[in-house]
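Hello,

Here is the structure I said I would pass on. Please open it first, then read the notes below.

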Amino acid sequence: MTAISRPARRRSGPSTRWLTIGLFLLPALILYAVFVLLPVLQAMQYSLYKWNGLAPLTDFVGLQNYATALGSKTFMTSVGNNLLIVVLSLAIQIPFSLALAVLLNRRFRGRAIFRLLFFLPYVLSEAVTGIVFSLMLQPHSVVDSSLSNVGLGALVQDWLGDSTLVMVTLFVIISWKYFGFHMIIMLAGLQGIPRELEEAAYIDGASRRTAFRYITLPLLGPTIRVSIFLSIIGALQLFDMVWVMTGGGPVNASSTMAIAMFKAGFRSHQFGYGSALAVILFLCGLAVALLYQRYVLRRDTEGAVTAYGG
Amino acid sequence: MATSASRTTDTAVGADARREVRSRRLSLPGLIAFGVLILVAVAILFPLVYAVLGGFKTNGQLAANPGVLLPTEWVFSNYTDVLFGEYAPTFWRQALNSVIVAGIAVALTVALASGAAFVFARMVFPGREAFYLLFVFGLLFPSAVAILPLYILVRELGLSANLLGVALPQAAFALPLTIVILRPFFRSIPVELEDAARIDGCSTFGFFWRILLPLARPALATVSVLAIVGTWNAFFLPLVILNGADQWTLPLGAMNFSTEYSSDRARVLAYTVVSIIPAIVFYAFAERQIVSGLTSGSVKG
């Protein structure tokens with residue numbers, strides 16, 4: 001805000017212009033500053049205190065909350081679970097989405113219906129998705145009995161109660177909900193690639209596979225990288241679905257950074273410690289964003305992220 | 001939808017190409033690909049069909065024949081109890097809460113972001129890019145980071161246990177994506193139009209309100225739809241801010257219903273299905289906007 005008024009004083013002539021800019025920009029800026037920027041800064045401040053969220057903020061403990069976090073087995077499990085989802089997403093979900101996008105980029109009858117259907121789960125909330133899948137995965141419910149019916153009864157598991165299996169189960173459900181989103185992004189990317197390029201390759205004798213590998217895939221690079229970035233950010237803040245389905249259990253086996261943060265704040269009333277976890281989450285996100293900025297964004301045209309149409 | 005021959009220009013045109021396409025469609029890889037698509041479609045539909053049909057069963061049916069999708073005997077009371085009966089007051093209250101939160105948040109986001117995007121797109125002043133980057137920054141970190149301080153902040157503002165305490169932060173968190181999508185769109189409107197408007201005596205606000213916004217209607221529809229989806233499905237913030245069944249939005253209400261009546265699975269399914277319906281209806285009408293918004297912004301927040 002002061003940054004706006006300073007130049008205004010320097011150029012008092014066109015003050016109405018500055019007034020216009022202020023009137024248009026300030027409302028958004030104030031709302032954003034109060035409810036987005038301020039809380040992030042406050043999390044940094046709170047993280048340096050031992051605080052129950054109610055009493056005056058006086059018990060300064062320096063970096064002790066961070067030390068506690070890094071020494072906490074529960075929190076390290078949570079970080080590991082977030083990383084597991086990141087790795088599984090990049091290794092399975094993104095290639096799967098790309099493959100389906102390639103299939104749906106061909107012209108055939110009914111492809112609009114497939115596209116509509118695959119993207120549908122994206123508009124459902126994670127909460128209701130979690131409720132339905134929880135009921136399906138309960139022991140002796142539809143998943144177990146369907147497996148038995150087709151003679152795969154040996155595969156029946158305690159899908160959400162087994163601490164080694166629970167994250168994989170959650171990953172499958174996350175993929176159910178989000179692969180369509182990544183597919184749609186990649187489909188748009190594919191459609192932005194001029195057909196002539198591939199056709200020229202065919203004329204030069206390239207097989208479909210070669211053309212895909214050396215023409216389509218490199219040109220799709222920016223889109224894939226956007227998809228990867230969004231996937232990582234999403235995996236880092238995983239909360240809703242896990243909270244609804246397992247609450248982080250059994251015994252923290254499916255805890256995530258956001259779950260640990262929520263529990264610290266609202267179950268144990270350790271707002272200082274919870275804020276430290278939030279800051280660690282923030283730093284993870286920032287690291288990913290900076291890496292993306294440094295190694296990826298610079299290579300890609302501005303269009304990949306911001307241009308309209310495409 | 002006629003079959004297109006554009007994939008096969010490497011061989012021939014006309015009838016030859018069409019035959020080629022047809023033969024490719026019936027080839028083994030083609031069939032496998034189609035089979036994969038069908039499988040994925042079934043996997044997507046199965047949970048939804050299970051939930052809808054499960055709502056028409058009794059708990060006895062759900063327990064006795066868990067692998068049978070169709071109800072042996074159709075029961076309507078689960079749905080009617082939610083819509084008109086015992087649980088109707090709570091359900092409709094929560095639906096209304098969702099509408100209120102989404103309405104306030106979306107109106108606020110679109111109004112404020114339009115102004116900001118207008119300044120970022122069409123005015124030149126020192127520090128403009130710095131301010132713009134400040135908003136872009138909001139796209140780069142997980143919003144969960146702000147939850148604990150937001151809880152404190154909203155409480156101090158006297159907005160805890162108040163729908164505004166959810167709507168205002170939701171609007172603020174939707175601003176970055178909205179601005180990032182709107183700015184290039186506003187920028188693409190020709191300068192000549194602005195010059196002409198000025199010569200005719202139009203003020204800056206007049207240009208914004210009477211020329212730019214009407215021209216940007218498709219973009220405004222897109223960002224509104226994206227903001228509605230985001231707000232409607234929000235869970236974490238409402239969970240922290242809102243208290244009690246009368247304040248909850250639908251996702252929260254559905255979750256609490258499912259824990260409170262966990263033994264009554266059929267009714268939980270009915271409640272969940274009914275709370276999903278608005279989102280699906282909305283999707284049916286706004287799919288185009290959602291897709292164009294996500295693919296143009298390519299950013300989820």
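Predicted model: local features only at pLDDT ≥ 70, side-chain atom pairs only at ≥ 80, totals over all residues.

**Chain B: fold and domains**

Buried residues account for 46% of the 301 residues in chain B. Of the contacts in chain B with a separation of 6 or more, 73% join residues 24 or more positions apart.

Domain 1 of chain B brings 11 residues to the contact, and domain 2 of chain B brings nine. On the domain 1 side, α2 (28-54), α3 (59-64) and α4 (77-83) of chain B each supply at least two residues. By class, that side has four nonpolar, five polar and two charged residues.

**Where the chains meet**

Next, the interface. Here 82 residues of chain B are in contact with 86 residues of chain A. On the chain B side, helix α14 (residues 265-297) gives the largest share, 14 residues. The chain B side divides into 58 nonpolar, 18 polar and six charged residues.

**The largest nonpolar core**

Which residues touch the most other members of the largest nonpolar core? They are M261(A), L277(A), L281(A), A116(B) and L175(B), in a core of 180 residues. Helix α8 (residues 163-187) of chain B supplies the largest share of this core, 16 residues. Domain 1 (21-81) and domain 2 (88-297) of chain B both give residues to the core, so the core lies between them.

L175(B) is worth a look. Leaving aside residues up to four places away in sequence, L175(B) touches A28(A), L31(A) and Y32(A) in chain A. In chain B, L175(B) touches T109(B), L112(B), A113(B), F135(B) and G138(B).

**A helix pair in chain A**

Last, one packing detail. Helix α4 (residues 73-105) and helix α12 (residues 257-266) of chain A pack at an angle of about 145 degrees. Their axes are 8 Å apart. From α4(A), the contact uses T74(A), F75(A), S78(A), V79(A) and N82(A). From α12(A), the contact uses M257(A), I259(A) and A260(A). By class, this contact of α4(A) with α12(A) has five nonpolar residues, three polar residues and no charged residues.

Best wishes

Terms used:
Residues numbered from 1 in each chain as written. Chains lettered and ligands numbered in written order. Axes fitted to C-alpha atoms, helices over the stretch in contact; angles between N-to-C directions. Helix = DSSP H or I, 4+ residues; strand = E, 2+ residues; numbered from the N terminus. Contact = placed C-beta atoms within 7 Å. Nonpolar A, V, L, I, M, F, W, Y, C, P; charged D, E, K, R; others polar. Core = buried A, V, L, I, M, F, W, Y, C linked by C-beta atoms within 7 Å. Buried ≥ 20, exposed ≤ 12 C-beta atoms within 10 Å, placed from the backbone. Domains from an automatic or database assignment.
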